[in-house]
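Colleague: I'm new to this one. Could you walk me through how to read it?

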Amino acid sequence: MGTNSEKGMGVIVKTVTKLTLGFILLYGIYITLSGHISPGGGFAGGVIIALSFVHVMLAFGKDAALKRLRPPGLRLVISGAALVFLAMAIIVPQGRVFDSEVIVPLCEAAIVGPGLFVIFVALVLLSKADKDSE
Amino acid sequence: MTIYLLCLALFSVGLYCVLRKRNIIKIIIGIGIMEYAVNLFFALIGYRAQGRSPIFAPDQAIRNMVDPLPQAVVLTSIVLGLSVTLMLVAVAIRIYERYGTFDITKITRLKG
Amino acid sequence: MLEIHLILFFMIAAAIIAVEVKDLLSSIIAVGAVGIGLSMAFLVLKAPDLAIMQLVVEILSLIILIRATIRKDLPFSASGRWAFNTGATVVFFAVFLVCAYMALKGLRAFGDPLMRVSQAYLAEGPAKTRALNIVSAITSNFRVIDTLGEGVALFTAIIGILAVARKVGHKKKK
């Protein structure tokens, strides 16, 4: 494509990203936590959180973004959420309808959000590696 | 009934694209269009004429809601469709690295 | 219900454009138009949860499709073994359309759902789960095992993509 993706985009895009990044993240968390009252829920909130990370990566380039959001921390979040899901799967068949307004959406968002961002990083790094080796 | 036929037409456009196109990215686009058609079909089945969205208000008693069960099913289906699309894109990039083209008639060698 | 028909016509037109255009970037953007039309259709069908979900998922898949697959040179060709493909496609489409039409005739009229299970969910939903959004109550309380299965499927997709995208070396010699 036109722009070199190592350095990111121009100065206007970087400034606007710095201003709106907090709002997008806050919106994602809001949709996750208010899923039991208004439309939303864990999955939509998780995808919005992933989109905020992707926004940072598109605007600032790959290296600057990965310095802030380190992959080992993301893997820890995904694994923790998967383990909590597993614990819920062991508890639920005992028949009780439990308090699921906070735990279930947070687990969903914690799997979906960092997971989709890790997928994006892997696919972009894959295609970039191919471009460099041509 | 007409609207179900229109949904079937959208599904056939996607199916035609999967069957007849040679570019892998076009096939991924066709699979995406088929997913959209199926999710739309589920949402159409659960619709009630002059219904309201399935969210209660704490001070009103709402009698005519649309069916919430197909919507819960479609919520799962959208996420699974996304993961299938991402997996296809990853495989397509790998194929491009290995063969240098997206054309499916040139991917004939089986050895790794 | 004129809006639904108009939105569906728009989606079919955009889908035909996406399938037939030769340039890959234009066809990916046309699929984006189909997705946004679908999100509007979900709003008209009184499903706001689905509208939010469809919009953000489609944005993410468009970004990944454009970012990961658009390259500088893409050879196009349309030759070889085409007659067999045409014949098989025509036969398959004829059988498929006949069966689909017979299946669609047996559905109830549009706008009149059979809500046998949903009546129970709507009746006892707010009382038992303290949730006002019934779709959220179904996915996170009454049918949470389905959500768990979806989490497992997404987790498997993440692991699968990370396994496929591993750097195993440069292009081998042909």
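What follows is a chat about one chain, the contacts between chains and a single residue.

Modeller: Before we start, keep in mind that this is a predicted model.

Colleague: Okay. Let's begin with chain B: how many helices and strands come up in its secondary structure?

Modeller: Chain B has three helices and zero strands. Going along the sequence, you'd write that as α-α-α.

Colleague: And how do I tell whether chain B is spread out or compact?

Modeller: Compare its radius of gyration with what the globule rule gives for a chain of that length. For the 112 residues of chain B the rule gives 13 Å, but the radius of gyration is 20 Å, so chain B is more spread out than a compact globule. Its C-alpha trace spans about 65 × 30 × 15 Å along the principal axes. Still, 45% of its residues are buried. And of the contacts in chain B with a separation of 6 or more, 47% join residues 24 or more positions apart.

Colleague: Now the chain contacts. How many residues do chain C and chain B put into theirs?

Modeller: Chain C puts in 70 residues and chain B 67. On the chain C side, H3(C) gives the most, with 12 residues. By class, that side has 48 nonpolar, 15 polar and seven charged residues.

Colleague: What about chain A and chain B?

Modeller: There, eight residues come from chain A and nine from chain B. Helix H5 (residues 103–133) gives the most on the chain A side, with five residues. That side splits into five nonpolar, two polar and one charged.

Colleague: Last one: why does A:Ile24 count as partly exposed?

Modeller: You count C-beta neighbours. A:Ile24 has 17 of them inside 10 Å, so it counts as partly exposed; buried would take 20 or more. A:Ile24 is found in helix H1 (residues 11–33) of chain A. Beyond its neighbours within four places in sequence, A:Ile24 is in contact with A:Ile48, A:Leu51, A:Ser52 and A:His55.

Methods: Residues are numbered from 1 along each chain as its sequence is written. Chains are lettered from A and ligands numbered from 1 in the order in which they are written. This is a predicted model: local features need pLDDT of at least 70, side-chain atom pairs count only at pLDDT 80 or more; totals for chains, interfaces and linings use all residues. Two residues are in contact if their C-beta atoms, placed from the backbone, lie within 7 Å. Helices (H or I, at least four residues) and strands (E, at least two) are DSSP runs, numbered from the N terminus. Ala, Val, Leu, Ile, Met, Phe, Trp, Tyr, Cys and Pro count as nonpolar, Asp, Glu, Lys and Arg as charged, and the others, Gly among them, as polar. A residue is buried if 20 or more other C-beta atoms lie within 10 Å of its own, exposed if 12 or fewer, and partly exposed in between; C-beta atoms are placed from the backbone. The radius of gyration is taken over C-alpha atoms; the globule rule is 2.2 Å times the number of residues to the power 0.38.
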